[in-house]
Amino acid sequence: MVTYGAPHLKFGSGAADEIGYDLSLTRARRILVVTDPGLAETGTPQRVADQMAQFGIKAHVFRIF
C-alpha cells in the first residue's frame with residue numbers, strides 16, 4: 001500500500017513571491033523550473049528562480065522548445 005500526502009497548493013496574487021520560503025521549509029536546495037518560450041519571455045520564471053535564491057536555493061530555469 002502507498003499513501004501520498006499532497007502538498008498544500010497556493011495560488012493567487014503574491015503566491016510566487018512566497019515560493020522560496022515555502023521550499024526552504026522542505027530543505028530543498030536545488031530546483032528545476034521548467035517553462036515554455038512564451039512564459040519565459042514574461043520574465044516570471046526567472047523572477048521566481050531569483051526569489052528562491054534569497055533562501056539559499058539554487059534554481060535553474062529550463063526552457064522547452
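**Figure 1. Residues lining the largest pocket of this predicted model.** The lining consists of P7, H8, L9, K10, A15, A16, I19, D22, L23, T26 and V48. Here a pocket is an open set of points on a 1 Å grid over the protein atoms alone, where a 1.4 Å probe fits, with protein on both sides within 12 Å along at least five of seven lines; lining residues have an atom within 4 Å of a point. The pocket holds about 320 Å³ of space. That volume is the space filled by probe spheres set on the points, with grid points joined across faces, edges and corners. Helix α1 (residues 19-24) gives the largest share of the lining, three residues. Helices (H or I, at least four residues) and strands (E, at least two) are DSSP runs, numbered from the N terminus. By type, the lining has seven nonpolar, two polar and two charged residues. Ala, Val, Leu, Ile, Met, Phe, Trp, Tyr, Cys and Pro count as nonpolar; Asp, Glu, Lys and Arg count as charged; the others, Gly among them, count as polar.

Residues are numbered from 1 along each chain as its sequence is written, and side-chain values use heavy atoms, with hydrogens and water left out. Because the model is predicted, local features need pLDDT of at least 70 and side-chain atom pairs count only at pLDDT 80 or more, while totals for chains, interfaces and linings use all residues.

**Figure 2. The salt bridge between D22 and K10.** Their side chains meet at 3.0 Å, N to O. D22 lies in helix α1 and K10 in the segment before α1, so the pair ties together parts that are 12 residues apart in sequence. A salt bridge is a side-chain nitrogen of Lys or Arg within 4 Å of a carboxyl oxygen of Asp or Glu. The structure holds four of them. D22 is partly exposed, at 27% relative accessibility. K10 is also partly exposed, with a relative accessible area of 44%. Relative accessible area (1.4 Å probe, protein chains only) is under 20% for buried residues, over 50% for exposed ones, and in between for partly exposed ones.

**Figure 3. The salt bridge between R47 and D17.** The side chains meet at 2.8 Å, N to O. This pair links distant parts of the chain, 30 residues apart: R47 is in helix α3 (residues 44-53), D17 in the segment before α1. R47 is partly exposed at 41%, and D17 is partly exposed at 43%.

**Figure 4. The salt bridge between E41 and R63.** Here the N to O distance is 3.7 Å. E41 sits in helix α2 (residues 37-42) and R63 in strand β2 (residues 58-63), so the pair ties together parts 22 residues apart in sequence. E41 is exposed, at 63% relative accessible area. R63 is partly exposed, at 47%.

**Figure 5. T35, a buried residue in strand β1.** The strand spans residues 30-35. T35 has a relative accessible area of 5%. Not counting residues up to four places away in sequence, T35 touches A40, P45, V61, F62, R63 and I64. Contact means heavy atoms within 4.5 Å.

**Figure 6. R27 and its positive phi.** Most residues other than glycine have a negative phi. R27 is not a glycine, yet its phi is about 65°. The residue lies in the loop between α1 and β1. R27 is exposed, with a relative accessible area of 70%.
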